[in-house]
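Below are some short notes for a colleague who is opening this entry for the first time. Please read them with the structure in view.

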Amino acid sequence: MVSFADQLLVLVMLINFIMLGSSRMAFVIRAVAAQGVILGIIPGLLHPFSGHLLAITASIILAKGLVIPYLLNDAVRKAQIRREVEPFIGYVPTLLLGAVFTALAFVFAQKLPLAPEHRDLLFVPASIATLMAGFLILTTRKKAISQVIGYLVLENGIFIFGLLLAEAMPFMVEAGALLDLLVGIFVMGIVINHINREFSTVDTSRLQTLREE
Amino acid sequence: MVFVWNIDVDPVGSLLWAITLIGLSGLPGLLLKRPGPGQILSVGITVCAALWGMAGALRILNGVPAKTYQLDWPLPFGPCELSVDPLSALFLLPLLLAALCCSLYGLAYLPAASQPAVEKRVTLFSGLLLASMALVLVARHGVLLLMAWEIMALSSWLLLMTDQQSLQVQRAGTVYLLATHAGTTALFVLFSLLKGETGSFAFPAAHSLALGSMVTLVMLVAALIGFGAKAGIMPLHIWLPGAHANAPSHASALMSGIMLKVGIYGIIRTVSFFQQLPVWFGWLVLLLGAVSAITGIALASAQRDLKRLLACSSIENIGIICIGLGMALVGLQSGNRVLAVLGLSGAFIHIINHALFKPLLFLGSGAIIHATGTRQIDRMGGLSRILPRTAPLFLVGSLAICGLPPLNGFVGELFLYFGAFSDGMFSDGMFSDLPLIGFVAPILALVGGLAVITFVKLYGAVFLGVARDPATAHGHEAPLAMLLPMGLLAGLCLIGGFGAPLLLQLVAPAVIQYVGVSPQLFAQIADAVPLQQISLVNGLLVAGMLVVWLIWRFLVQRAPVAASSTWGCGYLAPTSRMQYTGSAFSELVTGLISGLVGAQGQLSGLSGAFPASSRFVTVTTERILDQMIIPSLRGADWCLAWLRRMQHGHLHLYILYIFATLFVLMVWSQP
């Protein structure tokens, strides 16, 4: 089961590259949803079955895979953002940077003083790589929605790391879910904040001006 | 289900329940849409919980053994203990009394019916402020104390910002927020070092830490700065006058009467960790106390804002408490237990006293503002006819705060005088020679004299004569819910005066525990102060004054009374503006100490034989804040302006900073 989890983690890292290299918003959101679903499955592979585990898995998949992507899609649709037009750094350089950082994550994880049972797993490098990918998205993209996606990816990285701590697992997972909720509120916060700043009113009909030209 | 009222309920448990109830008392009001019932419910809960808690605190002072409760929290700071010893109980008692008085007062001062929006906030945050202050007093864990400390700072700030539209309030709030967090930073230093020394955030047992390295000295200084900033010791008092003047009156009463004492508690608690103290520490506290007392009352005498005057007088009283504390610490370091007992008793009694008469005066000032709509002393006058019930209560408070004999303020200061003259009082070798302590007596005398001038000015200008401004002449007496708490506090001031041994009894357990003397020795030392005789004389004085007053009333009722304005030396068109104002009364004092208070008069353009009408304006600046701290901050601002370029508003680059830091740390941490 653990080796299957490792394969899923490889998939997670590949999704990172998809997000780094793609300009289409809808696609990126679908990618982050897929990443969330995968992350929801992994705890089920690592721990023995229990009602608690089921609830956690279900809630993670629901939050990361359905609710948050839905909220993001909604915001994208209302603000009519199709693609990230002018990132600070282009897509190909970002992809290359992502590759460099992923490699560095593996090097770094090798040198961390980990417990022996964690040494051969992909969790730590995948976690750091995903964290870095989140940072890259945060720093290179201009649109508010991309920023939110960056935060989500960042949080996914932290979540992967939390999976290692089997003892404190329920707490970590619940904290992660809470953080997701925070991101959800963050989305709404940005939307409302921007409208407020532009028009000093919370009028959703003017959402299309959210585009950061 | 049957509820059995167990009379043997643990006092600490009852106190913790009371604290919880008070803290949550404002919540039901938030859920109710209609304003009114929530406030009444909150007052009811607070009053009941305060009475319950006071019973618990009194039982602990009576020697009922206190249990220790352990808070089971998931935070990684180790087990967290809550307990109440006589020292905590001594501070909890006035806190709960103030809770009772101020919540009842708020019912009429900020009624939900006329101010629905403000009332909910004030009710909620008053409860939170009270509970967090009490939590500071019962916490035996550094992190819990810091949490409670932060809640205390923020809830008092939110109370202060009640009238948030006013620019003055905004400025006072900003200064307060900055000052309180600067102080909290010092407390972070203190508790991190404590953890380094003892290995845990839990408070060490009393007198268990050896004073050795530099670290412990830094801890002491950090405690003095962090807790001293909250207490309002002199160079750190900058936030105090503005904050106390601009908060709603019952919030000012809480801040001034109780919150400052929580700072003093922190200093005492921290000092109690150490086996022995460096010699200079006690003298430093004493010196700071003396400076605070003199400059505080000097500032107060120059103020023309009613509440600002009371706030400055709080600095003076904190100074007197610090003088007592400093005497006790000097006594402890030099093995002079007489001095330690007298100083600490004086400080503790003054803490209780100040928590009685300062809230009384602030609540009274609220009644005055309620009636006149202004805080300017020079626009009032003749209020004793409009406020016939508030006036005598305010008089009791004013006399008590001056430390004049028939009232409680006298008792605390008397202990300090005895401490100052303790050299030679006992001849059995219990003390070492400390002639310098004698200087405390003239300092106290000077402070007392200035206090009398200040409060004669305050009472005279506000209550006597006739109204200086017609706008202030049409007020009305405060409602019963405001008078009742004031009456209670004034009554306790009187009881403290002619029941002085009661006050000593209250503070005895804490002093005995702190100084480490036997109760017999304590009684022997305290017997040097003739409290019984003093109570008797006080009682006789009060009775005599009552008799004189009755005779005077009898005579006045029979004699014809004519009302007119002050005689203006034969001037043909006298107006009520020609009375002596408060500023005029204190002009001499203000002139003598102008270097300290920075009062400046500006007379514009009087020239020629027939000058046109002109203006004379006096401005009382706050020398330390306006002329030292703000310019130095400006200087720092100028020096560090280049750093502003880092703050350019590009979110991406901010995240890049974090990213870069993370990256550097990852590379750096490689073995």
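1. Helix H4 of chain A, in what is a predicted model, covers residues 91-111. The helix has 21 residues and reaches 30 Å from its first C-alpha to its last. That is close to the 30 Å expected at 1.5 Å a residue.

2. Which residues of H4(A) are buried? They are A:Thr94, A:Gly98, A:Phe101, A:Thr102, A:Ala105, A:Phe108 and A:Ala109. Seen down the axis of H4(A), these buried residues fall within an arc of 130°, so they line one face of the helix. The exposed residues A:Val92, A:Val100, A:Ala103, A:Val107, A:Gln110 and A:Lys111 are on the other side of H4(A).

3. Helix H6 of chain A, residues 123-140, can be read in the same way. H6(A) has 18 residues, and its first and last C-alpha atoms are 26 Å apart, close to the 26 Å expected at 1.5 Å a residue. In H6(A), 18 of the 18 residues are buried, so this helix is largely enclosed by the rest of the structure.

4. On chain A as a whole: there are eight helices and zero strands. Along the sequence the pattern reads α-α-α-α-α-α-α-α. Chain A has 213 residues, of which 38% count as buried.

5. Turning to chain B, how is it divided? Domain 1 takes in 7-197, domain 2 takes in 277-557 and domain 3 takes in 626-671. Between the C-alpha centres of domain 2 and domain 3 of chain B there are 48 Å.

6. One helix pair in chain B is worth a look. Two packed helices are described by the angle between their axes and the distance between the axes. For helix H12 (residues 306-333) and helix H16 (residues 408-420) of chain B, the axes come within 11 Å and cross at roughly 40°. H12(B) and H16(B) are therefore oblique to each other. Their crossing is left-handed.

7. A last point concerns the backbone at one residue. Most residues other than glycine have a negative phi. At B:His207, however, phi is near 55°, a positive value in a residue other than glycine. B:His207 sits in the loop between helix H7 (167-198) and helix H8 (214-231) of chain B. Is B:His207 buried, exposed or partly exposed? With 15 other C-beta atoms within 10 Å, B:His207 is partly exposed.

Note on methods. Residues numbered from 1 in each chain as written. Chains lettered and ligands numbered in written order. Predicted model: local features only at pLDDT ≥ 70, side-chain atom pairs only at ≥ 80, totals over all residues. Helix = DSSP H or I, 4+ residues; strand = E, 2+ residues; numbered from the N terminus. Expected span 1.5 Å × (residues − 1). Buried ≥ 20, exposed ≤ 12 C-beta atoms within 10 Å, placed from the backbone. Arc of directions from axis to C-beta. Domains from an automatic or database assignment. Axes fitted to C-alpha atoms, helices over the stretch in contact; angles between N-to-C directions. Parallel < 35°, antiparallel > 145°, perpendicular 65-115°, else oblique. Left-handed = near helix turned anticlockwise from the far one by under 90°.
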